[in-house]
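Subject: Structure handover

Hi,

Here is the structure for you to look over. My notes follow below it.

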Amino acid sequence: MTVYRERLWAPPALYLATALVIPASLLVFLPISATAGVAVAIGMELAVLVLLWALAPVIEVTDTEFHAGRAHLPRSVVGEVAGFTGAAATSQRGPELDARAWTLFRGYVHGVVKVEVRDAADPTPYWLVSVRDPEAVTRALTTGAERANRTEPA
C-alpha cells in the first residue's frame, strides 16, 4: 500500500523556457525550407516538453519500500530519517554531503530527506533525495518502521 507519493514536476517557468527551442530550430532549418523549419521547430518543442514531463522522478513510500525515481530501498534497511529545508537542505546537498551517498536532486525542489541505509553489504551510508515536503516523507518512513523492520518468526 502506498503511504506517500509525489512526482517532482518541473516548475511552469521551465516549461516556458523550453520555448527557446523554437527560434533555435527555425534559425537552423528556415534557410533549408520554411516547411521543414516549422515542422522541426514544432517537433523539437513537443519532444522537449514530453521528455521534461516523462523524466520527472516519482518519490514513493510504500509499506515495504522507499522509491526515489527508478531506485528502491527496502524499508527493512531504512535507518534514521531526517528532513531538511532552507539553509540546512543546502548544507546537506553541499558541504555536508558524503561522496558515497546516493543522491537524487532537482534544483527546483528545495527540501531534501536524508535516509540512512542500514545494510552491511551496501557501501552507501545514506540516500539524499529532493522532496517538496520533507516532514511528510519523514513521517511516512518512520510511521510503522517497527512493523516494516520486524521479521516473522521461523
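Val 38, Ile 42 and Leu 46 make up a nonpolar surface patch, and their accessible area together is about 270 Å². Patch residues have over 30% relative accessible area and no salt bridge; like charges are joined within 9 Å, nonpolar side chains (Val, Leu, Ile, Met, Phe, Trp, Tyr) within 5 Å. A salt bridge puts a side-chain nitrogen of Lys or Arg within 4 Å of a carboxyl oxygen of Asp or Glu. Areas are Shrake-Rupley, with a 1.4 Å probe, and for residues only the protein chains shown count as cover. Ile 42 sits in helix H3 (residues 34-54). Helices (H or I, at least four residues) and strands (E, at least two) are DSSP runs, numbered from the N terminus.

Please note that this is a predicted model: local features need pLDDT of at least 70, side-chain atom pairs count only at pLDDT 80 or more, and totals for chains, interfaces and linings use all residues. Numbering runs from 1 along each chain as its sequence is written, and side-chain values use heavy atoms, without hydrogens and water.

Now the rings. The whole structure holds three aromatic pairs (Phe, Tyr or six-membered Trp ring centres within 6.5 Å; stacked under 30 degrees between planes, edge-to-face over 60, tilted for the rest). Trp 9 and Trp 53 are stacked, at 6.1 Å centre to centre and 25 degrees between the planes. Trp 9 is in the loop between strand S1 (2-7) and helix H1 (12-17), and Trp 53 is in helix H3, so this pair ties together parts 44 residues apart in sequence. Trp 9 is partly exposed at 34% relative accessible area, and Trp 53 is partly exposed at 48% (buried is under 20%, exposed over 50%, partly exposed in between; 1.4 Å probe, protein chains only).

Trp 102 and Trp 127 form a tilted pair, because their ring centres are 4.4 Å apart and their planes at 40 degrees. Trp 102 is in strand S6 (residues 102-104) and Trp 127 in strand S8 (residues 126-131), so the pair ties together parts 25 residues apart in sequence. Trp 102 is partly exposed at 27%; Trp 127 is buried at 6%. Ring pairs join Phe 66, Trp 102 and Trp 127 in a cluster.

Arg 7 lies over the face of Trp 9, 4.9 Å from the ring centre. The charged end of Arg 7 also sits over the ring of Trp 53, 5.8 Å from its centre (NZ of Lys or CZ of Arg within 6 Å of the ring centre and within 35 degrees of the ring normal).

Best wishes
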